[in-house]
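Take a moment to look over the chain before reading on.

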Amino acid sequence: MNASYAADLELARRCAAGEEPAWARFVLEYRPVLYRAADALDPGGGARDLADSLYADLYTKSLFRYFQGRSSLATWLRAVLAQRYVDRLRAQKRLEPLPDEEHGSRPYEGRAADPPDPNRARHLALLRDALARAVDRLDQRDRLRLGCYYVQELTLADTGRLLKEHEATSSRQLARTRRLLREDVERQLREDPGLSDAQIAECFASASEDAGPLDLGQMLGERKKPAPDRSV
């Protein structure tokens with residue numbers, strides 16, 4: 001276990017034990033993480049049901065026991081969601097499963113234990129470059145809205161107040177911007193590297209495992225403000 005993730009591991013342990021204060025903290029801090037990851041995978045909202053099912057499984061099936069502290073809890077959650085999303089795509093497109101996979105979804109115990117994906121670095125580089133170009137093409141107000149919500153992690157209500165627009169307007173405009181970014185990125189990946197739909201899905205899934213390689217804050221010229229320390 002990485003010592004820097006000890007607090008995350010302790011939170012997961014307490015949630016698995018059914019401690020209500022720990023679960024309340026998890027809901028407050030990590031449910032938005034799941035929804036943001038789902039929106040990144042499918043801006044049309046098609047992955048939110050997977051986020052909801054994962055959220056339910058964490059509570060009813062105690063999936064927290066599979067978190068070993070090899071990464072941050074947020075990274076692990078994104079990886080679990082990404083794996084479920086890829087599993088769904090493979091089922092829909094009737095793709096052959098990887099040799100080490102069992103049928104259907106499986107609990108994720110950490111990428112450090114899995115064989116490295118030789119295409120992951122290339123996928124991330126292609127996706128990062130395409131996203132940076134797509135972000136550069138956004139107008140200033142859309143860039144500001146993205147920075148408020150995804151980098152500074154303001155609520156929709158706070159984002160709306162800052163931009164002097166209604167919360168519902170912020171929500172609609174964020175959905176529109178996500179859709180435009182997704183369409184722009186997918187178009188670039190199809191035209192230049194000539195990737196297939198399945199390969200593009202793998203690109204997005206790889207990126208969801210770790211937010212670092214796709215630093216939206218860096219693309220927008222912003223840095224996240226440090227969050228206040230909270231204890232259970």
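Helix axes are lines fitted to C-alpha atoms over the stretch in contact, and the angle between them runs from 0 to 180 degrees between N-to-C directions. Two packed helices are described by the angle between their axes and the distance between the axes. Keep in mind that this is a predicted model.

Start with helix 6, residues 140-151, and helix 7, residues 156-163. Their axes come within 9 Å and cross at roughly 145°. The crossing of helix 6 and helix 7 is right-handed. Which residues make the contact? Helix 6 brings Arg141, Leu144, Arg145, Cys148 and Tyr149. Helix 7 brings Leu156, Thr159, Leu162 and Leu163.

Now step back to helix 5, residues 120-136. Its 17 residues reach 24 Å from the first C-alpha to the last, close to the 24 Å expected at 1.5 Å a residue. Which residues of helix 5 are buried? They are His123, Leu124, Leu127, Ala130, Leu131, Ala134 and Val135. These residues lie on the same side of helix 5 because they cover an arc of only 140° around the axis. An α-helix has 3.6 residues a turn, so residues three or four places apart point the same way. The face turned away from the buried side of helix 5 carries the exposed residues Ala121 and Asp136.

Finally, view the whole chain. It has 10 helices and zero strands. Of its 232 residues, 42% count as buried. The chain exposes about 12,700 Å², and carbon and sulfur atoms supply 51% of that area. Among contacts between residues at least 6 apart in sequence, 70% join residues at least 24 apart.

Conventions: Residues numbered from 1 in each chain as written. Predicted model: local features only at pLDDT ≥ 70, side-chain atom pairs only at ≥ 80, totals over all residues. Heavy atoms only, no water. Helix = DSSP H or I, 4+ residues; strand = E, 2+ residues; numbered from the N terminus. Buried < 20%, exposed > 50% of the residue type's maximum accessible area, 1.4 Å probe, protein only. Contact = heavy atoms within 4.5 Å. Areas by Shrake-Rupley, 256 points an atom, 1.4 Å probe, with all protein chains shown as cover. Expected span 1.5 Å × (residues − 1). Arc of directions from axis to C-beta. Left-handed = near helix turned anticlockwise from the far one by under 90°.
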